[in-house]
Amino acid sequence: MKKFFPVYVRVPLIFFIVFALMEYFIDSGDKPAFVKYPMVSLFLFVFLFILIAIEITLSAVNRVMFQLLTPEEKAQKELEESLSFKESTWFKNLMHKLTKTEPIEKEADLLMDHDYDGIKELDNNLPPWWVYLFYICIIFGVIYVVRYDVLGADDQEMELKKEMAQAKIDVEEYMKTAPDLMDEKTVVLLTDEPSLATGKEIFTTNCAACHRADGGGQIGPNLTDDKWILGGGIKNLFHTITNGGRDGKGMIAWKGTLKPKEIQKVASYILSLQGSNPKDPKEAEGEVWVDDSAPKTDAAAATTKDTTEVKK
């Protein structure tokens with residue numbers, strides 16, 4: 001066997017199998033495990049050293065044992081080593097166990113009585129590998145029928161549907177707490193001072209040129225009254241800032257400049273300007289916006305207050 005897998009093939013093969021297994025099972029992120037973890041490199045070096053030492057030791061032992069053999073045993077061993085792969089004893093034994101073939105000398109005992117135009121048939125046994133595979137297929141078929149047709153287990157299509165539904169739920173839960181994946185469906189109003197201060201800075205830098213620093217409106221509409229062109233509230237305002245205003249004459253889309261978290265803060269700051277009554281405001285535009293989810297008992301308050309959940 002060693003003749004077909006010499007040491008210069010055997011040692012690298014075993015080493016790289018161990019190396020691949022360690023890379024597969026050790027979580028090292030975007031770097032190889034032997035680079036990220038020096039102990040892995042040390043282990044591989046020691047393992048390679050031990051592997052080479054074992055091969056050298058076995059080779060020395062084999063040479064010593066060969067010298068202790070009698071001339072007849074040496075000749076027999078040399079003869080075995082000179083045989084080809086298919087002529088080797090272990091290969092012949094393996095094939096016999098797999099096929100259970102009879103030697104050619106016993107062909108007469110296997111001949112069946114019928115003859116078809118000179119074609120004769122031998123009564124050979126089925127190969128064991130084929131018989132075992134046939135039995136395995138029968139057992140698998142019984143288990144499959146019982147599991148899916150009798151017990152009603154989920155098939156591949158049902159498993160896919162369930163996994164897709166669960167994945168959708170997981171994505172929605174993740175987006176609730178992932179600022180950079182926030183959208184108008186998941187955004188919430190911020191009222192804490194640090195967030196509003198950051199929103200004011202963003203507003204002054206990007207929005208004041210059109211809406212004035214106090215939000216009273218200039219080129220853009222007044223942001224302090226109770227009327228909105230594209231709807232009020234944190235969700236509508238987040239959508240407008242992200243995707244832009246009316247086509248051809250509205251505000252540009254800021255989604256390429258501001259991150260979702262920044263849009264949330266500046267939108268929250270704009271809503272904090274409601275009712276501030278700046279000096280010389282621009283005439284109100286749009287319609288009074290009423291939050292449909294607000295309590296009907298206080299409609300006036302609903303026009304100026306966003307009832308979206310507050311995040312502090």
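Q: How far is the sulfur of Cys 207 from the closest cysteine sulfur?
A: In this predicted model, the sulfur closest to that of Cys 207 belongs to Cys 210. A disulfide needs two cysteine sulfurs within 2.5 Å, and this pair is too far apart for a bond. The gap is 8.4 Å.

Q: How many disulfides does the structure hold?
A: A disulfide is a covalent bond between the sulfur atoms of two cysteines. Seen from the other end, Cys 210 has Cys 207 as its closest cysteine partner, and the sulfurs are too far apart to bond. The number of disulfides in the structure is 0.

Q: What distance separates the end C-alpha atoms of helix H9?
A: Helix H9 runs over residues 193-206, which makes 14 residues. At 1.5 Å a residue, you'd expect a span of 20 Å. The model agrees with that, because the end C-alpha atoms of H9 are apart by 20 Å.

Q: How wide an arc do the buried residues of H9 cover around the axis?
A: The buried residues of H9 are Ser 195, Leu 196, Gly 199, Ile 202 and Phe 203. They lie on the same side of the helix, because the arc they cover is only 120°. An α-helix has 3.6 residues a turn, so residues three or four places apart point the same way.

Q: Which elements do the buried residues of H9 pack against?
A: Let's go through the partners of that buried side. One of them is strand S3, at 189-190. The others are two helices, H10 (208-211) and H12 (260-272).

Q: Is Arg 212 buried or exposed?
A: Arg 212 sits in the loop between H10 and strand S4 (227-228). Its phi is positive, about 70°, although it is not a glycine. With a relative accessible area of 18%, Arg 212 is buried.

Q: Is Asp 280 buried or exposed?
A: Asp 280 is another residue other than glycine with a positive phi, near 50°. You'll find it in the loop between H12 and strand S5 (287-288). Its relative accessibility is 58%, so Asp 280 counts as exposed.

Q: What radius of gyration does the protein chain have?
A: The C-alpha atoms fill a box of roughly 115 × 60 × 35 Å along the principal axes. Buried residues make up 24% of the 312 residues. A compact globule of 312 residues would have a radius of gyration near 20 Å, but this chain has 40 Å.

Conventions: Residues are numbered from 1 along each chain as its sequence is written. This is a predicted model: local features need pLDDT of at least 70, side-chain atom pairs count only at pLDDT 80 or more; totals for chains, interfaces and linings use all residues. Side-chain values use heavy atoms; hydrogens and water are left out. Helices (H or I, at least four residues) and strands (E, at least two) are DSSP runs, numbered from the N terminus. The expected span of a helix is 1.5 Å times one less than its number of residues. Buried means under 20% relative accessible area, exposed over 50%, partly exposed in between (1.4 Å probe, protein chains only). The arc is that of the directions from the helix axis to the C-beta atoms. Contact means heavy atoms within 4.5 Å. The radius of gyration is taken over C-alpha atoms; the globule rule is 2.2 Å times the number of residues to the power 0.38.
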